[in-house]
Amino acid sequence: AFADSSFSVAALFSETVLLTACAASKAFSVKLQILKYDLSASQFSPDGRVFQVEYAVKAVESSGSIVAIRCQDGVVIGVEKILSSKLYETSSNQKIYNVDRHVGMVISIARDEASDYRQNYGTDVPLKQLANRVASYMHAYTLYSSVRPFGVSAVLASYSETYGPELYMIEPSGLYWGYRACTAGKAKQAAKTELEKIKASEMTCEEVVKEVARIIYLVHDEIKDKLFEVELSWVGKVTNGEHRLVPEDIANEAKRLAKNALEEDLDDDD
């Protein structure tokens, strides 16, 4: 009886080891299949995926949060800048740039496009056309094996008397959409939930600045990224159609109110 029991245990152990080895072999095989198709930005996997583009999207999802809101008289952009050291100079590593007098953007590759348009046509480039040209440029980097997709999501905002406030966001794949409000970064889902609660079309830029700052402070992960700065810019009637950083006194007041609101929420939870 003892011999039979030992034989059963040994057989069960052998079967378990065999199943584990098969599972490990299958997992390794799947990994090899992925590696086989992620070497080039122009190569599709059998199920239609482009892994290089997915990696670029993951890079965006691990970055600081971006929040942009289009209101009745302009557009406000806010960026969470993660600081990995206390030694960094305040306001260094700028995330928001002027593409042209009337266009602000979270990355700066569009300046040549705006400059070329003005040189050829003698007027400011319409934001929709600029977004299309930048999106085409970014999409081109997903088509050739000699290059890699941009690991960025580009947010563009402008204001004009002809078109009013406009807001576009371009994905790493080159896909772009017009938005009433948009967000990207590691806290994208939480920020999106907050944006859906705001009636931005009934608000002014001065009011929306406070909401943008509040959302960034609310979704910030205090445990993982303790040090951070908030960069705010706007374009609209308040700036006469020019994209500018939000004045320091207004930005500081918005940040103060955001901190107070966050502390009140924590007290309510307690």
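Analyst: Two residues are in contact when their heavy atoms lie within 4.5 Å. By that rule, among contacts in the protein chain between residues at least 6 apart in sequence, 60% join residues at least 24 apart. The model is a predicted one, in which local features need pLDDT of at least 70, side-chain atom pairs count only at pLDDT 80 or more, and totals for chains, interfaces and linings use all residues. Residues are numbered from 1 along each chain as its sequence is written, and side-chain values use heavy atoms, with hydrogens and water left out.

User: What confidence does the predictor give the protein chain, and over which residues does pLDDT stay under 50?

Analyst: pLDDT is the predictor's confidence in each residue, on a scale from 0 to 100. Its mean over the protein chain is 82, and 82% of the residues reach 70 or more. Over residues 1-13, however, pLDDT stays under 50, and the model has zero contacts beyond four places in sequence for them. Where pLDDT is low, the predicted coordinates should not be read in detail.

User: How many helices and strands does the protein chain have?

Analyst: Helices (H or I, at least four residues) and strands (E, at least two) are DSSP runs, numbered from the N terminus. The protein chain has seven helices and ten strands.

User: Why is Gly64 called buried?

Analyst: Buried means under 20% relative accessible area, exposed means over 50%, and partly exposed lies in between (1.4 Å probe, protein chains only). Gly64 has 15% relative accessibility, so it counts as buried. Gly64 is in the loop between α2 (51-61) and β1 (66-71). Leaving aside neighbours within four places in sequence, Gly64 is in contact with Glu80, Ile82, Ala184 and Gly185. Gly64 and Gly185 are 121 residues apart in sequence, yet their C-alpha atoms are 5.3 Å apart.

User: Why is strand β9 described as largely enclosed?

Analyst: Nine of the nine residues of β9 (residues 228-236) are buried, so the rest of the structure largely encloses this strand. Phe228, Val230, Leu232, Trp234 and Gly236 point one way from β9, Glu229, Glu231, Ser233 and Val235 point the other way, and all are buried.

User: How do you know that β2 and β9 pair?

Analyst: Two strands pair if DSSP finds at least two bridges between them. Strand β2 (residues 74-82) and β9 have nine bridges, in the antiparallel sense, and therefore meet the criterion. The bridge partner of Val76 in β9 is Trp234. β9 is also joined by two bridges to strand β10 (residues 244-245), again antiparallel, with Trp234 opposite Arg244.

User: Why are the buried residues of α5 placed on the same side?

Analyst: The buried residues of α5 are Ala191, Glu194 and Leu195. They cover an arc of only 100° around the axis, which puts them on the same side of α5; the arc is that of the directions from the helix axis to the C-beta atoms. Their cover includes β1, β8 and α6 (205-219).

User: What makes a nonpolar core, and which residues have the most contacts inside the largest one?

Analyst: A nonpolar core is a set of buried Ala, Val, Leu, Ile, Met, Phe, Trp, Tyr and Cys residues joined through side-chain atoms within 4.5 Å. The largest has 27 residues, with the most contacts inside it made by Val67, Ile69 and Val212. Two or more residues come from each of β1, α5, α6, β9 and α7 (248-269), and α6 gives the largest share, nine residues. Apart from this core lies another, of 16 residues, among them Ala114, Tyr117, Ala135 and Met138.
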